[in-house]
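Let's take a friendly walk through this chain, starting with its overall build and ending at one residue. Please keep the viewer open as you read.

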Amino acid sequence: MATSNPEIAYDFLPLLRVHKDGHVERFFGTETIPAGFDPQTGVSSKDVNIIPETDVYARLYLPMKLTENSKNHKLPVVVYYHGGGFCLSTASSRNYHNYLNKLVAEAGIVAVSVNYRRPPENPLPVAYEDSLAAVQWVASHKNSHGPEPWLNEHGDFGRLFMLGVSAGANIAHNVAMLAGNAGSEPGVEILGVGLTHPFFWGSKSIGSEGVSASTDLVSKSLNDRLWPFVCPSNPDNDDPRVNPVAEGAPSLAGLGCRRMLVCVAEKDLLRDRGWMYNEALGRSGWTGVVEIHETKGEGHTFHLFNLDGENAKDLIRRLAAFFNS
């Protein structure tokens, strides 16, 4: 968006502002919290640089009560991609950190939260590339010879999952598609993928996206503008990376995992896209098992802002069951 301020290159409101000196001023997702031990959940976390040449790091989480008495106690490994419209938040953002402490404690998993590089400084597909590289880094521990002791000692690589929320769920889907491509395999089998309130979109409105009394017009306008902003090299809202059911998109039968859980929220503008994805995957010829879970009465990413609410706890329990069934 053009601006009359001579110091500002452009605005992408309400999310961020780009200054002419290259500085990006973000208006959400800037509150961070350091890694460490969380006494409320008994979960420890630490930051590890996983791609030194790009300074991409991951925040690892370990449930100490399940591992302190046995170095050989193996747990599911979950690679997590945070949300924020691809361009906001980090792996150290307070909401995501607190959420993962609770999820790790409830599910009994080792989590690897990826701090991928973000637009506009690093337009897509950089985040996809970083996220695939992160899975490859995690996979390097499958024979207990990787650089990170927590993964060597406690990771069960027969139970490797990916989980993402919003834009992070979009990333998880796209990494799974890359994993299904023989030329881009991350080097280990991904058992399952969880998509929480996935950001999928398209040039044509569907369901509740149509202009009506119930349509969230502010969110719809933002969603219409988001993909062209974060992926200027192909600013088409029917790019199959953002609209995986678009005409001509690669078949979902190529998804590189065996299980899929799609989580949607009743009052989320993206709800119908999640249902459409679920239905398209089911009829694609993909040989895995897909499930869908809908939370009634809630909106987009509600669980990040009310961790003690019953619906947030229920969603965590549903994901814990998915990782451990």
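The paragraphs below go from the whole chain to the sheet, then to a histidine and the cysteines.

A word on conventions: this is a predicted model, in which local features need pLDDT of at least 70 and side-chain atom pairs count only at pLDDT 80 or more, while totals for chains, interfaces and linings use all residues. Residues are numbered from 1 along each chain as its sequence is written, and side-chain values use heavy atoms, with hydrogens and water left out.

The chain's secondary structure comes to eight helices and 12 strands; these are DSSP runs numbered from the N terminus, helices being H or I of at least four residues and strands E of at least two. The radius of gyration, taken over C-alpha atoms, is 19 Å, close to the 20 Å that the globule rule (2.2 Å times the number of residues to the power 0.38) gives for 325 residues, so the chain is as compact as a globular protein of that length. Of those 325 residues, 55% count as buried, meaning under 20% relative accessible area with a 1.4 Å probe and protein chains only.

Now find the open sheet: nine strands with mixed pairing, in the order β4-β5-β6-β8-β7-β9-β10-β11-β12. Two strands pair if DSSP finds at least two bridges between them. At the edges sit β4 (37–38) and β12 (289–295), each pairing on one side only. Further in, β9 (residues 155–165) runs parallel to β10, joined to it by five bridges. Helix α5 (residues 167–179) packs on the sheet and touches β7 (75–81), β9 and β10, where contact means heavy atoms within 4.5 Å.

Is His197 buried or exposed? At 1% relative accessibility, it counts as buried. Its side chain reaches the backbone nitrogen of Thr301 at 2.8 Å, inside the polar-contact limit for N or O atoms of 3.5 Å. Leaving aside neighbours within four places in sequence, the contacts of His197 include Ser166, Asp268, His300 and Cys263.

With a disulfide defined as a pair of cysteine sulfur atoms within 2.5 Å, the count comes to zero.

Conventions:
Buried means under 20% relative accessible area, exposed over 50%, partly exposed in between (1.4 Å probe, protein chains only). A polar contact is a pair of N or O atoms within 3.5 Å; within protein, one must be able to donate a hydrogen and the other to accept it, and residues adjacent in sequence count only if both atoms are side-chain atoms. Axes are lines fitted to C-alpha atoms, for helices over the stretch in contact, and angles run from 0 to 180 degrees between N-to-C directions.
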